[in-house]
Amino acid sequence: MRLQKSFSPPLVRLGDYRAAEQHFYWADPGFFRVLPLKALAGDPAGALDQPDGLVITRAIARKYFHNDAPLGAALLIDNHPFRVAAVLEDPP
């Protein structure tokens, strides 16, 4: 099972606005089956099965979408679209 932090923060955009550099962790699709974390929305266990699946925290959901459950919404990460498939509680 792999979990890797981005070496340099990629540029994250929501449409043509709200751009910021944001650190990410890239994980294997089965990551949340091995390490279950509390979800506010969606199913983290299946979220990474799709190549464009994205799991974000509540803080990131509020930062970009101004709500806690933006399931299906897209973020551009280095100009590649990713769809929010699950939202997790913020880590302590």
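Ile77 counts as buried at 2% relative accessibility, where buried means under 20% relative accessible area, exposed over 50% and partly exposed in between, with a 1.4 Å probe and protein chains only. The model is predicted, and local features need pLDDT of at least 70, side-chain atom pairs count only at pLDDT 80 or more, and totals for chains, interfaces and linings use all residues. Residues are numbered from 1 along each chain as its sequence is written, and side-chain values use heavy atoms, with hydrogens and water left out.

Ile77 lies in strand S7; helices (H or I, at least four residues) and strands (E, at least two) are DSSP runs, numbered from the N terminus. Leaving aside neighbours within four places in sequence, Ile77 is in contact (heavy atoms within 4.5 Å) with Pro10, Leu11, Val12, Phe24, Trp26, Leu54 and Phe82. Asp43 and Ile77 are 34 residues apart in sequence, and their C-alpha atoms are 21 Å apart in space.

## The two nonpolar cores

A nonpolar core is a set of buried Ala, Val, Leu, Ile, Met, Phe, Trp, Tyr and Cys residues joined through side-chain atoms within 4.5 Å. The largest one has 16 residues, and those with the most contacts inside it are Leu54, Ile56, Tyr64, Phe65 and Leu75. At least two residues of this core come from each of strand S2 (11-14), strand S6 (53-57), helix H3 (58-65), strand S7 (74-77) and strand S8 (80-88), and the largest share, 4 residues, is supplied by H3.

Apart from its neighbours within four places in sequence, Leu54 is in contact with several residues, including Phe24, Ala47, Leu75, Ile77 and Phe82. A second, separate core of 7 residues includes Phe31, Phe32, Val55 and Leu88.

## An aromatic pair

A pair of aromatic rings is described by the distance of the centres and the angle of the planes. Rings of Phe, Tyr and Trp (its six-membered ring) pair if their centres lie within 6.5 Å, and planes under 30 degrees apart count as stacked, over 60 as edge-to-face and the rest as tilted. By this rule the count comes to 1 aromatic pair.

The pair is formed by Phe31 and Phe32, which are edge-to-face, with 5.1 Å from centre to centre and 85 degrees between the planes. Phe31 is buried, with a relative accessible area of 12%, and Phe32 is also buried, at 11%.
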